[in-house]
Amino acid sequence: MVKRLDQNHLMTLGWTEEDAQEFVERDFKIRSGLCPNGHGPMEPKGCGQECTSCGFLCNVKNELKPS
């Protein structure tokens, strides 16, 4: 199970509360193996993941265990 970060534990300069919440949601999607741009599941790629629809690439691995 992937847990969302608590935005109250983030320290940011110049961010609004909405910016922090958006970061938390995008981080949660990425760590869950989903494209943060809303395209669905990402594919494992080297040391991270890639969205085959939009090309979003990151060095964060999917934290969900295959069922």
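Mentor: Buried means under 20% relative accessible area, exposed over 50%, and partly exposed in between (1.4 Å probe, protein chains only). This is a predicted model, so local features need pLDDT of at least 70 and side-chain atom pairs pLDDT 80 or more, while totals for chains, interfaces and linings use all residues. Residues are numbered from 1 along each chain as its sequence is written, and side-chain values use heavy atoms, without hydrogens or water.

Trainee: Which side chain does arginine 4 meet in a salt bridge?

Mentor: A salt bridge is a side-chain nitrogen of Lys or Arg within 4 Å of a carboxyl oxygen of Asp or Glu. Arginine 4 meets glutamate 25 at 2.8 Å, N to O. The two are 21 residues apart: arginine 4 lies in the segment before α1 (17–31), and glutamate 25 sits in helix α1. The pair thus links distant parts of the chain. Glutamate 25 is partly exposed, at 24% relative accessible area. Helices (H or I, at least four residues) and strands (E, at least two) are DSSP runs, numbered from the N terminus.

Trainee: How many salt bridges does the structure hold?

Mentor: Four. Another one joins the side chains of glutamate 63 and arginine 31, at 3.1 Å, N to O. Glutamate 63 lies in the segment after β3 (57–58) and arginine 31 in helix α1, so this bridge ties together parts that are 32 residues apart in sequence.

Trainee: Is arginine 31 buried or exposed?

Mentor: Arginine 31 counts as buried, at 10% relative accessibility. Glutamate 63 is partly exposed, with a relative accessible area of 41%. Look for Asp27 too: Asp27, Arg31 and Glu63 are linked in a network of salt bridges.

Trainee: Which residue meets lysine 45 in a salt bridge?

Mentor: Glutamate 50 does, at 3.4 Å, N to O. Glutamate 50 is partly exposed, at 23%. Lysine 45 is partly exposed as well, at 45%.

Trainee: Now the sheet. In which order do the strands lie?

Mentor: First the general idea. Strands of a sheet pair through backbone hydrogen bonds, either parallel or antiparallel. Two strands count as paired if DSSP finds at least two bridges between them. Here, three strands form an open sheet in the order β1-β2-β3, with antiparallel pairing. The edges belong to β1 (43–45) and β3, each with a single partner strand, so one side of each has no neighbour in the sheet.

Trainee: How many bridges join β2 to β3?

Mentor: Two bridges join strand β2 (residues 48–50) to β3, and the two strands run antiparallel. Glutamate 50 comes up again here: its bridge partner in β3 is leucine 57.

Trainee: What pattern does the protein follow along the sequence?

Mentor: The pattern is α-β-β-β. Of the 67 residues, 25% count as buried. The C-alpha trace spans about 35 × 25 × 20 Å along its principal axes.

Trainee: What share of the contacts with a separation of 6 or more joins residues 24 or more positions apart?

Mentor: A contact means heavy atoms within 4.5 Å. Residues 24 or more positions apart account for 27% of the contacts with a separation of 6 or more.

Trainee: How many positive and negative side chains does the protein have?

Mentor: Lys and Arg count as positive, Asp and Glu as negative; His and the chain ends are not counted. Each charge is placed at NZ of Lys, CZ of Arg, CG of Asp or CD of Glu. The protein has 8 positive and 10 negative side chains, and the centres of the two sets lie 9 Å apart.
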